[in-house]
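Visitor: I have not seen this structure before. Please take me through it.

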Amino acid sequence: MAKGEKRLGRYRLLDLIRQDGDARLHRALDANGQAVALWTVPLARLCADAAGLERFRRMAGAAARLSHPAIPAILASGELAGTAFVATAPADGPTLATRLADGPLEWEDTVATLDRMLDALAAAHRAGVIHGALGADTVLHAGPAAVVAGFGRAALTAAAVDRRDDLAAAVGLTARLLAGHDQRPGVSALLATLRDDGAGAFPDAGALLRAVSALNGASVSSAGAAPARARRWPLLLGGVAVLGGLAAAAVLNRPAPPLPPPVAMAKDALPEPAAEPPASSPTSSPAPAPSLPPVPPPAASRQPPVAAVAAALRSIPCALVGVETTGGRLLVSGTVAGERAETAVRETVETLAAGWDHGFDLATADARFCAPLGSVATALDANRGLVEPLAVSMLEGPALNAGDPLMLEIRAPARPVWLQVDYFTIDGSVVHLLPNPSDSAIALVAGASRRLGERGEDGKPGTGRSWTIGPPYGTEMLLTIATAEPLFATPRPEQEPAADYLAALTDALAALPDDAPAALADARFIATGP
């Protein structure tokens, strides 16, 4: 831990975003280097009355089970070092208050914002969760991408609020948004009702939602739609330096061909239409990731074995997650590739571990990483079953910042292997760390270890290639494959579009002899930042 660095258990506290009394909201990083929003209060505050701590645990547990596209996921909650905390997925962006300061929203954005906000509030109330501080400063963005932040905070503040308080806040916010559109049919009448009767005119948030939707003549509910994600296509891992003073390798600056769309991760997920391949797409496409097997029926035991839950989660090909018990509570943590994979993980746990008080600490990477994970799913399973598996560790940790060195240690399984080590970037490229133009020694004897990217004592490269982290930043992936013979007869380009490589990788794995030892693989996500 760096000098002066603040930590709370597995979380590294960054900057303080806001403070309300003794409740504080921090930006933080978890043990996997994933960004979270962390609300904290002194534990003594919750213990001021006999039921305070139990109320916090009950309310935080209920909030963690919320699943709605307009509500940032509650990742974890608990008590550490005299502090109670609730960790949520980060929700950044302009607040509705900032947007309204420039004038009323357009009509379509007004209705879509209210639809998202009220639908989220109705879903929370059905789950027994109160927001407690709903307002224009807790709604981020606007229109179909609106997000309601702050769920879970009420568990910490233990304020004496209930659904009526939330509904009153929602009525006030609805009136504020509609005020600039009173010339439209029906709006004036609804505004009069809101002004005269307030929350008393509506039994719940769902009724208010239906009144707003009726202004458009039809419901525009967004309950099943997730906000669109901006796609980033800048440059990748910066500074590939070569021992001996050679210039840094040039970085490609063209968008890579798109990867295949992720497979449907749940039986009731809507399939996405296949995109038409561009003219420059490779002639052979990588095999699609395997479909998620059906979720098993609920176990008869009230608390099924943790191993059974872990085994079911391992069958989800686009997720790298683990399960542990903490204080009698089941915690599922790790990284998933895409929102469909996250839904599959949550639904699997909800179905299989219904007897457990459980929570999630999941980071969501770009869905493009589902394709490489799917291509080596069999090899990943084979490696997990070994007593002495192929093992890869990050010498500088799973979270790296600009200029940090990328250094790995790889340990061979209990048999000799040939290695292929690939770094998949967030912009759709892949950098081949091994083999590379200055290092073609890819064989390891049984149980042997070797390091890649190691620096000398003066910070300069040791031997062979070394790499440093550069833009673009986000969650990226390291994939290591071990086979009985080299995967490729001739070296691949040191850097290439991931789609091109995945097509060749699929062919190479399929061409392995049937009588050869099974291919093994290790995959891990890396969080990079400025």
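Visitor: Which strand has the lowest mean pLDDT among the elements of the protein chain?
Guide: This is a predicted model, and its protein chain averages a pLDDT of 77, with 79% of the residues scoring at least 70. Strand β17 (residues 417-424) has the highest mean among the elements, at 94. The lowest mean, 30, belongs to strand β9 (residues 240-242).

Visitor: How many contacts beyond four places in sequence does the model have for residues 218-293?
Guide: Over residues 218-293 pLDDT stays under 50. Where pLDDT is low, the predicted coordinates should not be read in detail. With that caution, the number of such contacts in the model is 144.

Visitor: How many residues of α4 are buried?
Guide: Helix α4 covers residues 107-126 and reaches 28 Å from its first C-alpha to its last, close to the expected 28 Å. Just after α4, Gly-128 has a positive phi of about 80 degrees. The helix itself is mostly covered, and of its 20 residues the buried ones number 17.

Visitor: Which element gives the most to the lining of the second largest pocket?
Guide: This pocket holds about 470 Å³ of space, and its lining has 18 residues, with Ser-77, Gly-78, Glu-79, Thr-326 and Arg-329 nearest the centre. The lining divides into six nonpolar, five polar and seven charged residues. At least two residues each come from α2, β5, β10 and β11. The element that gives the most, with five residues, is β5.

Note on methods. Residues are numbered from 1 along each chain as its sequence is written. This is a predicted model: local features need pLDDT of at least 70, side-chain atom pairs count only at pLDDT 80 or more; totals for chains, interfaces and linings use all residues. Side-chain values use heavy atoms; hydrogens and water are left out. Helices (H or I, at least four residues) and strands (E, at least two) are DSSP runs, numbered from the N terminus. The expected span of a helix is 1.5 Å times one less than its number of residues. Buried means under 20% relative accessible area, exposed over 50%, partly exposed in between (1.4 Å probe, protein chains only). On a 1 Å grid over the protein atoms alone, a cavity is a set of points where a 1.4 Å probe fits but cannot get out, and a pocket is an open set with protein on both sides within 12 Å along at least five of seven lines; lining residues have an atom within 4 Å of a point. Grid points are joined across faces, edges and corners, and a volume is the space filled by probe spheres set on the points. Ala, Val, Leu, Ile, Met, Phe, Trp, Tyr, Cys and Pro count as nonpolar, Asp, Glu, Lys and Arg as charged, and the others, Gly among them, as polar. pLDDT is the predictor's confidence in each residue, from 0 to 100. Contact means heavy atoms within 4.5 Å.
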